Amino acid sequence: MLPPAVVVHGLADAQRALREGRPVTLLSAPAAAVFAGCLWWRELAAAARAAHPATPAFDVLDCGDAPGQAMAALRTGQRLLILDPACPASAAVRSAAATLGAIVLAGRPPALDLGDPRARRRLARWLAGVT
């Protein structure tokens, strides 16, 4: 089971989430792999972790319905991703992920979206499991 998820839209959001010092799942925006790319996500997650190495963090890249982006993400080392299960190539991506020890989620977990300025005030409570 993953810790509470927080949707991050850039490095500042990711660092804000990790600064709380609680276990967190950094979650990309919906279909971020399609418009931002998997390398952007890998670098963002790595930079955030480097700034807060003591905070346990997972990161999940949403690939929408783009199996090519999901495969590219797996090739870059992404081990948690989301791919629409209705995608015709979903089974092939899941099989490839399994051989790498990666996990493909069928949907987005509940998350606090830091794109909403009001969400920032709720971050500590969200990560503590108080909704």
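A salt bridge (a side-chain nitrogen of Lys or Arg within 4 Å of a carboxyl oxygen of Asp or Glu) joins the side chains of R120 and D13, at 4.0 Å from N to O. Because R120 belongs to helix α6 (residues 117-127) and D13 to helix α1 (residues 11-19), the pair ties together parts 107 residues apart in sequence. Helices here are DSSP runs of H or I with at least four residues, strands are runs of E with at least two, and both are numbered from the N terminus. The model is predicted: local features need pLDDT of at least 70 and side-chain atom pairs count only at pLDDT 80 or more, while totals for chains, interfaces and linings use all residues. Residues are numbered from 1 along each chain as its sequence is written, and side-chain values use heavy atoms, leaving out hydrogens and water.

D13 is buried at 8% relative accessibility, whereas R120 is partly exposed at 37% (buried is under 20% relative accessible area, exposed over 50%, partly exposed in between, with a 1.4 Å probe and protein chains only).

The structure holds six salt bridges. Among them, D62 pairs with R108 at 2.8 Å between the closest N and O atoms. This pair links strand β3 to the loop between β5 (103-105) and β6 (111-113), 46 residues apart. D62 is buried at 5%, and R108 is partly exposed at 32%. Shared partners also join D13, R16 and R120 into one salt-bridge network.
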